[in-house]
Amino acid sequence: MIFLFFTNLKGAEIEETKDYLQYHKQIIEAEKLIGEENFKAALSQYENVFDNYEFVFLRDYQVAAQLALFLNDKQKALHYIKEGISAGWELKAIKKNKHLSQLNKEPEWKSIENDYDSFRKVYNESLDQPIRNKVKKMFSKDQRKAFGALFRIGDNAQQKYAERKFAPHSEKQLFEIIEILETTGYPGEKLIGNRYWISTILSHHNSISTGYVKKDTLYAFLKPKLYEALKSGQISPYEYATIDDWQRTVSSDRSGPGYGFLIAPTRASLSVTNELRELIGLRSIEVRNKLVDVEQRTGMNFYLPGNPWVRGKIEIKD
């Protein structure tokens, strides 16, 4: 077993009709423009998305702010930083972004610092705090249980612990997740402001052992619900890919193609990997790698998601 450590009524009615697979496809088009270094057109594409969707993922505000600054539109960059704060961007994280550091000298920067608490309040009030607290406790419980595997020496001992001790705990967690999904929706960035608590719990479940994952029915029951959550904007493509990548990788005993995070794709399997990514609104391997190139040339940070095994480009093996 491998463990991970790590509005108003009118607006709401409009949001229910939105398909976030289209949202993510439009973001990918913007990312392709970034890869071509057509930054003005890319920013225009981001703004089109912002105009048409009530909920915007934080990462997209982060990228738009940097594009605006790269194009020397400081006022627009400051605007998207404010939007980002209202979407959960913490001040300390903004200050760590080297590309945005030049804005610290602007007169308007002081107002961002002074008004930070009010922006943060908007963000906190947009979240379901009771569900957030519940999920945070579930995550902590999961981490403690997963930690027990570290005291088992050898693969056989860890597998026994996973199947006999961790699996019953994990099944209880999944029943709770199913209840949350059916009553309030997927508890991700949109609902509780966190992208990793539930995805880590589900990834742990999907990495118990090859034998367990092959016969598991709980994830099979959950998977269509996760896809519906993806379409409604409650879960990001990366979260979905992380969860499903573990199931695909472990159930195939690390021999089947996945999304390219846990196992690097080969030239032969690249088309399958990109097809899987396209189905959930996740950029292709090639687009991701071009974004990394642009990061290195410009100093911008596109906040490309990964995991402890993936930093920067995703290698394509021969």
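This is a predicted model: local features need pLDDT of at least 70, side-chain atom pairs count only at pLDDT 80 or more; totals for chains, interfaces and linings use all residues.
The secondary structure consists of 16 helices, with 0 strands.

Let me begin with the overall dimensions. The C-alpha trace spans about 60 × 50 × 40 Å along its principal axes, and the radius of gyration is 20 Å, which agrees with the value near 20 Å that a compact globule would have with 318 residues. As for the surface, the protein exposes about 15700 Å², of which carbon and sulfur atoms supply 49%. On the charged side chains, there are 47 positive and 43 negative ones, and the centres of these two sets lie 6 Å apart.

Now to the interior. In soluble globular proteins, nonpolar side chains tend to be buried together. Here the largest nonpolar core has 45 residues, and those with the most contacts inside it are I34, Y46, L67 and I81. The largest share, 8 residues, comes from α4.

What does L67 touch, if we leave out residues up to four places away in sequence? The contacts of L67 are with I34, F39, A42, L43, Y46 and M300. Apart from this core lies another, of 37 residues, which includes W197, L202, L282 and I285.

Key:
Residues are numbered from 1 along each chain as its sequence is written. Side-chain values use heavy atoms; hydrogens and water are left out. Helices (H or I, at least four residues) and strands (E, at least two) are DSSP runs, numbered from the N terminus. The radius of gyration is taken over C-alpha atoms; the globule rule is 2.2 Å times the number of residues to the power 0.38. Accessible areas come from the Shrake-Rupley method with a 1.4 Å probe; for residues, only the protein chains shown count as cover. Lys and Arg count as positive and Asp and Glu as negative; His and the chain ends are not counted. The place of a charge is taken as NZ of Lys, CZ of Arg, CG of Asp or CD of Glu. A nonpolar core is a set of buried Ala, Val, Leu, Ile, Met, Phe, Trp, Tyr and Cys residues joined through side-chain atoms within 4.5 Å. Buried means under 20% relative accessible area, exposed over 50%, partly exposed in between (1.4 Å probe, protein chains only). Contact means heavy atoms within 4.5 Å.
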